[in-house]
Amino acid sequence: ACDSGTLSTTCTVSTSQTMTNNEVISGTGNLTVASGGVLTTAAGETFGINMTGGASTILIQSGGTITGNLSGAISTTFTVDSGGSINVDGRGFAAQAGTGAGSNTNDGGGGHGGSGGSGGGVIYGSTTTPTTFGSGGGRSTCGNCNNGPAGPGGGAVKINTSGTLTIIGILSANGGAGTSGAQSSGGGGAGGSIYLVAGTLT
């Protein structure tokens, strides 16, 4: 994963890199996602970061971003600078898919932490330890409906830091909007999960 440095010192990511499903970036040093650096996965897949040094830091600088679902990011401190981001919008279940997929009869919204609108999907997942993906919206399937596509669900992020977690930039796991068609719009996807554990949150 390192474009420069090592995982036992300071590993800097400055290019776009796609992690394989369930891959873990692991070391005893620090991890910096610099400007131009991207850590991503395919939608519906996850990866982890495990920096186990006694003073390890994960830092996302301005212009750096994580767009892959994080099954867990472990470090002593974790910082998202202004201009940096963790953005897993629309990275969960695909449109018309998931535990709480919206109704295809009514172009229903995807369900997750709450029921989707207009014949939408069911509630599922935990409100105290949220780690599940949001479900996709529904889309009517009648032959001549000409409805717009439904939106995908939001992805999932879990961060666990024993020290200070600082979020100045963007942290987002929104569902995707349904798209307008000639007669109606497909249902929007449900938001995903953000699960933060920290000694201090700023």
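Keep in mind that the model is predicted. The largest nonpolar core holds 23 residues, and a separate topic is an open sheet built from five strands. We finish with Gly102, which sits in the loop between E11 and E12.

**The nonpolar core**
- Leu31, Leu39, Phe47, Ile49, Ile66, Phe78 and Ile86 are the members that touch the most other residues of this core.
- Beyond its neighbours within four places in sequence, Phe47 is in contact with a list of residues including Met19, Ile25, Leu39, Ile66 and Leu70.
- That list for Phe47 also has Thr20, Glu23, Thr41, Asn69 and Ser71, along with Gly68 and Gly72.

**The five-strand sheet**
- The strands line up as E2-E5-E8-E11-E13, with parallel pairing.
- E2 (16-18) and E13 (170-172) are the edge strands, each with a single partner, so one side of each has no neighbour in the sheet.
- E11 (residues 85-87) runs parallel to E13, and three bridges join the two.
- Within that pair, Ile86 stands opposite Leu171 of E13; Ile86 is also one of the core members listed above.

- Gly102 counts as buried because its relative accessibility is 8%, and the cut-off for buried is under 20%.
- Setting aside neighbours within four places in sequence, Gly102 is in contact with Gly108, Gly109, Gly110, Gly119, Gly120, Gly121, Gly136, Gly137 and Gly138.
- Ile123 lies 21 residues from Gly102 in sequence and 11 Å away in space, C-alpha to C-alpha.

Key. Residues numbered from 1 in each chain as written. Predicted model: local features only at pLDDT ≥ 70, side-chain atom pairs only at ≥ 80, totals over all residues. Heavy atoms only, no water. Core = buried A, V, L, I, M, F, W, Y, C linked by side-chain atoms within 4.5 Å. Buried < 20%, exposed > 50% of the residue type's maximum accessible area, 1.4 Å probe, protein only. Contact = heavy atoms within 4.5 Å. Pairing = 2+ DSSP bridges. Helix = DSSP H or I, 4+ residues; strand = E, 2+ residues; numbered from the N terminus.
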